[in-house]
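Subject: Structure for you to look at

Dear colleague,

Here is the structure that I promised to hand over, with the sequence alongside. My notes on what was found follow below.

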Amino acid sequence: MNDATFHIVGAGLSGLSAATTFAAGGASVQLFEAAPQAGGRCRSYFDPALGQVIDNGNHFILTGNHAAMEYLRRIGAEHALVGPDKARTAFVDIRSGAHWTIAPSDGVLPFWLFDGSRRVPGTSATDYLEIAKLLFAGPRSRIDDVLSCKGALWERLLRPFLLGALNTQPEEASAALAGALVRETFARGGNAYRTRIAHPTLAAAFIDPALALLSQKGAIAHFGQRLRRIVFDGDRATALEFPEHTLPLAEHDIVILATPPWVAQGLVPQVAAPDDFRAIVNAHFKMSPPSGTPSMLGVIGGTVEWIFSFADRVSVTISGADRLIDMDRNALAALIWRDVAAALNLSEPMPPWQIVKEKRATFAATPAQAARRAETATRWTNLFLAGDWTDTGLPATIEGAVRSGHKAAQLALRRVRV
Ligand SMILES: Cc1cc2nc3c(=O)[nH]c(=O)nc-3n(C[C@H](O)[C@H](O)[C@H](O)COP(=O)(O)OP(=O)(O)OC[C@H]3O[C@@H](n4cnc5c(N)ncnc54)[C@H](O)[C@@H]3O)c2cc1C
């Protein structure tokens with residue numbers, strides 16, 4: 001492989017995916033991360049207010065997310081996720097107190113739709129046919145151009161899942177991105193959409209094992225190293241400038257830029273990138289969940305959308321949460337706790353809490369923003385882009401980030417081998 005060194009900038013999931021792909025193949029890897037820790041938007045940290053390690057935000061993936069699953073296998077963490085043996089997702093409507101669990105069939109044939117007790121209450125089997133329309137959506141269509149966006153199936157299943165996966169109000173979101181999700185998970189049957197959550201933390205599943213693999217393979221990870229400038233000469237990147245040193249790039253060296261889009265735009269001339277973002281708010285309550293609480297519960301009819309239960313905490317996710325970003329934290333915690341108490345049938349006072357607001361959690365998954373996503377290869381032969389915002393064909397998700405990093409690594413390896 002010549003004497004190439006692979007320089008990866010950004011130790012979020014896309015950067016770690018690229019770095020571990022190179023390192024697993026025995027290549028020389030240097031990883032540069034601006035923050036003192038790896039993980040980017042998928043990180044865990046010790047929170048002094050709660051006295052425990054929490055995640056910046058709850059993350060779930062689906063068993064059909066094959067790149068994420070392959071990444072976990074590569075880093076030896078394939079058993080670090082938990083979730084049901086069957087595709088089962090529990091919901092509660094806190095206005096009526098109604099509870100239900102959808103129970104899809106394992107395989108491609110949707111037998112479950114013919115059993116009312118396994119469907120969303122208030123829906124008929126034929127309602128679900130509408131979902132297939134997303135598979136044929138063009139890149140300019142919004143979801144509300146394609147689906148009716150009303151009725152029990154929409155309110156009680158499609159809207160919450162699409163909001164969670166797209167982090168954008170589903171009505172305005174790209175139907176093609178939603179179609180990609182459907183194609184890779186729902187259309188492949190229940191075995192492809194069993195929910196999976198990192199336990200006890202995101203870092204334990206997605207980050208720490210990757211760093212351990214990199215260290216074991218001799219890769220060097222540098223933290224607190226914010227790339228300030230890429231020096232270009234002709235069709236190559238020739239140096240990386242950090243605040244305290246400049247790293248010249250040798251003839252065969254490769255750079256994978258795995259930063260968020262606004263950073264990539266400042267470092268690479270004329271790179272296309274989304275420029276509209278959506279927030280996610282997470283609230284963490286230090287408590288043991290009542291026994292029998294599912295690890296992931298969909299909440300309908302309140303501010304809270306999903307409740308995740310861990311042994312030492314109950315955590316809440318609210319996607320597309322721009323309306324809440326400037327709200328007073330105490331008032332927000334109280335608002336969220338009211339929904340949690342209703343959903344889990346609790347009468348106790350609000351336990352110690354923490355709120356994490358991620359203002360630019362993901363790019364807005366609208367057709368206009370999707371059209372701004374960048375290709376992996378650039379006009380510089382040794383510079384490749386990675387990140388959930390690059391043109392993966394998927395929304396900004398773990399699966400998209402991991403896939404983008406792996407793709408950048410594959411293209412780079414092909415380039416150094418010719
Ligand atoms: C609260 C929240 C909840 C989410 N929930 C889900 C979910 O349930 N399921 C799901 O699939 N996805 C979810 N996501 C999305 C998922 O976290 C992201 O898609 C993924 O983590 C993005 O990884 P990335 O590598 O593309 O970007 P990032 O994680 O942003 O990584 C980029 C890295 O680059 C570093 N960096 C920036 N500038 C520089 C520089 N100049 N020099 C060096 N380093 C730099 C950053 O510090 C960062 O570590 C969620 C995101 C958030 C915020």
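Predicted model: local features only at pLDDT ≥ 70, side-chain atom pairs only at ≥ 80, totals over all residues.

Most residues other than glycine have a negative phi, and most peptide bonds are trans. Cys149, in the loop between α3 (143–146) and α4, has a positive phi of about 55° although it is not a glycine.

As for the overall division, the protein is split into domain 1 (5–45 + 202–275 + 366–417) and domain 2 (89–193). The centres of domain 1 and domain 2, taken over C-alpha atoms, are separated by 33 Å, and the contact takes 9 residues from domain 1 and 14 residues from domain 2. On the side of domain 1 that touches domain 2 there are 6 nonpolar and 3 polar residues, and no charged residues.

The largest nonpolar core has 125 residues, and those with the most contacts inside it are Ala19, Val29, Ala178, Ile256 and Ile307. Helix α4 (residues 152–166) provides the largest share of this core, 9 residues. Both domain 1 and domain 2 give residues to this core, so it lies between them. If neighbours within four places in sequence are left aside, Ala178 is in contact with Leu134, Ile143, Leu162, Leu166 and Ala173.

The ligand is surrounded by 37 residues, of which the closest are Gly10, Gly12, Gly40, Gly57 and Thr397. By class, the shell around the ligand divides into 18 nonpolar, 13 polar and 6 charged residues. Among the elements that each supply at least two residues of this shell are α1 (13–24), β2 (28–33), β15 (277–285) and α10 (398–417).

Strands β3 (residues 44–47) and β4 (residues 52–55) run antiparallel and are joined by 4 bridges, with Asp47 standing opposite Gln52 in β4. These two strands, β3 and β4, form a hairpin with 4 residues between them, and Gly51 in the turn has a positive phi of about 70°. Phe232, for its part, lies in strand β11 (residues 229–233) and is partly exposed, with 16 other C-beta atoms within 10 Å. Not counting residues up to four places away in sequence, Phe232 touches Ala237, Thr238 and Trp380, whereas Phe232 and Ser28, 204 residues apart in sequence, are 22 Å apart in space, C-alpha to C-alpha.

With best wishes

Key: Residues numbered from 1 in each chain as written. Near = placed C-beta within 6 Å. Nonpolar A, V, L, I, M, F, W, Y, C, P; charged D, E, K, R; others polar. Core = buried A, V, L, I, M, F, W, Y, C linked by C-beta atoms within 7 Å. Buried ≥ 20, exposed ≤ 12 C-beta atoms within 10 Å, placed from the backbone. Domains from an automatic or database assignment. Contact = placed C-beta atoms within 7 Å. Pairing = 2+ DSSP bridges.
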